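Subject: Structure handover

Hello,

Here is the structure you were expecting. Please open it alongside this message, as the notes refer to residues by number.

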Amino acid sequence: MRIYLDHAATTPPSPAAVAAMQHALEECWGNPSSIHAEGQQARTILDGARDALAAFTGTAARNVIFTASGTEADNLALTGIVGRWSSSRGKHVIVSAIEHEAVLSTAEALSESGAAEVSLVYPDSNGVIQPEAVLEAMRPDTVLVSIMYVNNETGVIQDIPAISNAVHAKRAETFVHTDAVQGAGYLSCDMNALGVDLLSLSSHKLYGPKGAGCLVLRDGTFVAPLIHGGGQERNRRSGTEAIPAIAGFAAAVAELAENRNSWCDAMERLRAKLSDDVRKKLPETIIPGEQAPRVPSCASFVFPGIRNELLLTRLDTAGISASGGSACSAGTTLPSHVLTAMGFPEDDARGLLRCTLGHTTTQDDVLHTAAAIVDAVCALRSSPANP
Ligand SMILES: Cc1ncc(COP(=O)(O)O)c(C=O)c1O
């Protein structure tokens, strides 16, 4: 029996998501743009899914653009705003230094092509981006500010309402985007309460399938399309919609919305147990962002002097799937850019162990994992193979 503690990398699809996908694949395989009966059956699924995502984000269905992933939603947010608005509102873009690569690399590409001028804002030592730091980086030509809702390596929650209010108060023409990919499983994604103009989601982080995500817009926000073609998604993202993946996404989100609070309460207790048990035996353990509000799924640790790939291998052998941070940089020994931005020394920034719980995680899972982490760290400390 394996213990899966890598829910920030991906979640297992829920039975409701799988059932919705199977139904869409077998019964509703038409092209939703066709006017005949098969097409209209698919269109009904697509419309229902759009309604579900609109309800989840507190907006109107017309503001939901389905994409193939959270990465694509982030690309569309940044490139789409710069493409549509840079000539009238400015080409300066602000992103935080702790964003996922989906945002950071897009900002870098925009900067390299000359389409945008990009400034990075840094978090404090708890991993929190202060609204004042964003305001300081703003210029009269700032067209977009993009700050993630929850960090994928530390689980630290950003105060998005405070950031968007501050930005909009300083310059009403500046758009605010939040990458909510790691927040949506645990926190409300109501666009009005968050005060953002654009918000990205990914299905496979929310017990839905891979192959679906969305960018949600505030009413009246326009983006230039990344993908041109048949004009689907109101001309904002061409390509025949992936109905089975979108159906699974919507079913997962509906189930999540109903259960999120009770799932979070249970995870909070289990996360505390895991952290306390590890800390009791290894008191020198550092928990990045410990003083900041964090989502209840994320238990991240740094064990000074321990390289995370050796630790992860030992845990894997013990039947435990954890991660060294973002899945996209798994397998590399690069220091975490998140911990580096928080001011961690390089050696510690190479040592992140991220255990991310899901709603099916049990008390036994965390007891077993805490014991395995302690064993592995002690074994590595006494092993010459750990430089
Ligand atoms: C914060 C954040 N944004 C974006 C992404 C990319 O999402 P996707 O895997 O759907 O492309 C991830 C994935 O790890 C993430 O953690």
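This is a predicted model: local features need pLDDT of at least 70, side-chain atom pairs count only at pLDDT 80 or more; totals for chains, interfaces and linings use all residues.

**Domains**

The chain is divided into two domains: domain 1 takes in 3-10 + 261-381, and domain 2 covers 15-254. Domain 1 is therefore made of two stretches of the chain, as its bounds come from a domain assignment that lists 3-10 and 261-381 together. Taken over C-alpha atoms, the centres of domain 1 and domain 2 are separated by 28 Å. To the contact, domain 1 brings 32 residues and domain 2 brings 29 residues.

**The contact between the domains**

About 2,400 Å² is buried between domain 1 and domain 2, and 58% of it is on carbon and sulfur atoms. On the side of domain 1, the residues that lose the most area to domain 2 are Val-295, His-337 and Met-342, which together make up 23% of what that side buries.

What kinds of polar pairing cross this interface? The rule finds zero salt bridges between domain 1 and domain 2, but it does find 13 residue pairs in polar contact, counting pairs with both residues at pLDDT 80 or more. The elements of domain 1 that give two or more residues to the side touching domain 2 are H9, strand E9 (298-302), helix H11 (337-341) and strand E11 (352-356). Of these, H11 gives the most, with four residues.

Ser-300, in strand E9, is worth a look in the viewer. Its side chain has a polar atom 2.6 Å from the backbone oxygen of Glu-153. Leaving out residues up to four places away in sequence, Ser-300 touches Glu-153, Thr-154, Ile-286, Ile-287, Pro-288, Leu-352, Leu-353 and Arg-354. Ser-300 counts as buried because its relative accessibility is 1%, and buried means under 20%.

**Salt bridges**

The structure holds 17 salt bridges. Some of them are described here.

Arg-2 pairs with Asp-316, with 2.5 Å between the closest N and O atoms.

Arg-237 pairs with Glu-72, where the closest N and O atoms are 2.7 Å apart. Glu-72 belongs to helix H3 (residues 70-89), while Arg-237 sits in the loop between helix H8 (232-235) and helix H9 (243-281), so the pair joins parts that are 165 residues apart in sequence. Arg-237 and Glu-72 are both buried.

Lys-273 and Asp-277 form a salt bridge with an N to O distance of 3.2 Å. Here both partners are in helix H9, four residues apart, which is about one turn of the helix.

**Cysteines**

How many disulfides does the structure hold? The number is zero. For Cys-298, the closest cysteine sulfur is in Cys-355, at 8.7 Å, which is too far for a bond, because a disulfide needs the two sulfur atoms within 2.5 Å. Cys-298 is buried, with a relative accessible area of 3%. Cys-28 is buried as well, at 6% relative accessibility.

Is Ser-87 buried or exposed? With a relative accessible area of 75%, Ser-87 is exposed. Its C-alpha atom is separated by 9.9 Å from that of Ala-115, 28 residues apart along the chain.

Regards

Technical notes: Residues are numbered from 1 along each chain as its sequence is written. Side-chain values use heavy atoms; hydrogens and water are left out. A salt bridge is a side-chain nitrogen of Lys or Arg within 4 Å of a carboxyl oxygen of Asp or Glu. Buried means under 20% relative accessible area, exposed over 50%, partly exposed in between (1.4 Å probe, protein chains only). Contact means heavy atoms within 4.5 Å. Buried area is the accessible area (1.4 Å probe) that two parts lose on being put together, summed over both. A polar contact is a pair of N or O atoms within 3.5 Å; within protein, one must be able to donate a hydrogen and the other to accept it, and residues adjacent in sequence count only if both atoms are side-chain atoms.
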